Amino acid sequence: MVDTPGTGDDDVQDVAGQIVELALGHLFSAALRTAVRCGIADRLAAGPRTAGQLAELTDTDPGHLRRVLRYLATRGIFREDGTGAFHLTPLARALRTDVPDSMHAAVLLMTDPAFQRTSAGLEETVRRAGASFERLFGKPLFTYLAEDPALRELFDRGMASISGPVDAVIAGTYPFPEKGTVVDVGGGRGGLLRAVLRGRPGLTGVLFDQEPVMHTHVLADDESVRGRWRAEPGDFFTEVPEGGDLYVLKHVLHDWPDEACLRILRNCRAVMTPEARLLIVDCVLPSGNAPHLGKTLDVAMAAVVDGQERTEDEFSALLTGAGLRLTRILPTETYPSIVEAEAAS
């Protein structure tokens, strides 16, 4: 008897194993959080150490710690050598607290129990078409953050950790003008504005966001750009500052459904001159079944804030509805792209 391809026992076992591995994805997230909270990457900065040595430094059980680190090593987080010592890898190095563009705070934010609960409630998001965070915690994320200073502080640090590596790439990818005014709408702590103004001494900037956000460790308050930008508090659902040659929305629109995005975009359009440009920095979802971080973030946005990542056609439709026209999309070396638009004639 000849087996039909794809129906042998080995194939069945392989499929079963893959399904089990995928279903236990939450376990990897927990293992990663454990390593970060125990400071393993910082302990390995001086060189390789065994699980026993790391356990002494971190007040953990050596046997259980080794099992977690061995598991993480299967995904490139740490590497165990033949002597049982663990080494830093490029991914693990990014978990250190003392390196530029550290992802330490980002991991703590994304694996925080509040967001773990939100992910676990994804079925409700799918069934009821609304953010599971709001159903679980009784209020939208940004309202909840305003009432929880500890989570707000973690959120700000985590988002800065995620944004840091992106800011320099965006500043280096788009041909920002040498002169004029850049208005960073919803610019948070000002990391992108700082990256854009550096090296362009003729350029000035406006950091526009809600007042509580802008008074939290403003990154744009840097010697290299001091005196060339100003902070302007406000609500982008009401209005945005006039006088910009370039308006930037970085990781703003993906937080909101279409109706809210149209309000933001129309407020930008209302103050744009015919020569002004609008930049949207977000993921642009590709077609097909290939993995893309944007497709992961898209599901996260649905569960946490009722937002979404968008395709080129979806961005074009949004812009058209706001009286704008998509002119080009610039891919970058990192996960978001730059969507450029101008006022429609």
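**Labels and their grounds**

Modeller: Of the 345 residues in the protein, 45% are buried. The model is predicted. It has 17 helices and twelve strands, and its C-alpha trace spans about 70 × 55 × 40 Å along the principal axes.

Biologist: Why is V15 called partly exposed?

Modeller: The relative accessible area of V15 is 49%. Buried would require under 20% and exposed over 50%, so V15, at 49%, falls in between and is partly exposed. V15 lies in helix α1, residues 9-23.

Biologist: What makes V15, I19 and L22 a patch?

Modeller: A patch takes residues with over 30% relative accessible area, and nonpolar side chains are joined within 5 Å. V15 has 49%, so V15 passes the area cut-off. Together V15, I19 and L22 have about 310 Å² of accessible area, and the patch they form on the surface is nonpolar.

Biologist: Why is T296 called exposed?

Modeller: T296 has a relative accessible area of 52%. The cut-off for exposed is over 50%, so T296 qualifies. T296 is found in helix α16, residues 293-304. The C-alpha atom of T296 is separated by 9.3 Å from that of E309, which is 13 residues away along the chain.

Biologist: Why is the pair F236 and F237 called edge-to-face?

Modeller: A search of the whole structure finds ten aromatic pairs. In the pair formed by F236 and F237, the ring centres are 5.1 Å apart and the planes make an angle of 75 degrees. Centres within 6.5 Å make a pair and planes over 60 degrees apart count as edge-to-face, so both conditions hold for F236 and F237.

Biologist: How do you know that the reach of helix α15 is close to the expected one?

Modeller: Helix α15 covers residues 258-271, which is 14 residues, and reaches 20 Å from its first C-alpha to its last. The expected span is 1.5 Å times one less than the number of residues.

Biologist: Which residues of α15 are buried, and what covers them?

Modeller: The buried residues in α15 are A260, C261, L262, I264, L265, N267, C268 and V271. Their cover includes the strands β4 (180-185), β7 (246-250), β8 (277-282), β10 (310-311) and β11 (324-330), along with helix α17 (312-321).

Definitions and conventions:
Residues numbered from 1 in each chain as written. Predicted model: local features only at pLDDT ≥ 70, side-chain atom pairs only at ≥ 80, totals over all residues. Heavy atoms only, no water. Helix = DSSP H or I, 4+ residues; strand = E, 2+ residues; numbered from the N terminus. Buried < 20%, exposed > 50% of the residue type's maximum accessible area, 1.4 Å probe, protein only. Contact = heavy atoms within 4.5 Å. Patch = residues over 30% accessible without salt bridge, like charges linked within 9 Å, V, L, I, M, F, W, Y side chains within 5 Å. Areas by Shrake-Rupley, 256 points an atom, 1.4 Å probe, with all protein chains shown as cover. Salt bridge = Lys/Arg side-chain N within 4 Å of Asp/Glu carboxyl O. Phe/Tyr/Trp six-rings, centres within 6.5 Å; stacked < 30°, edge-to-face > 60°.
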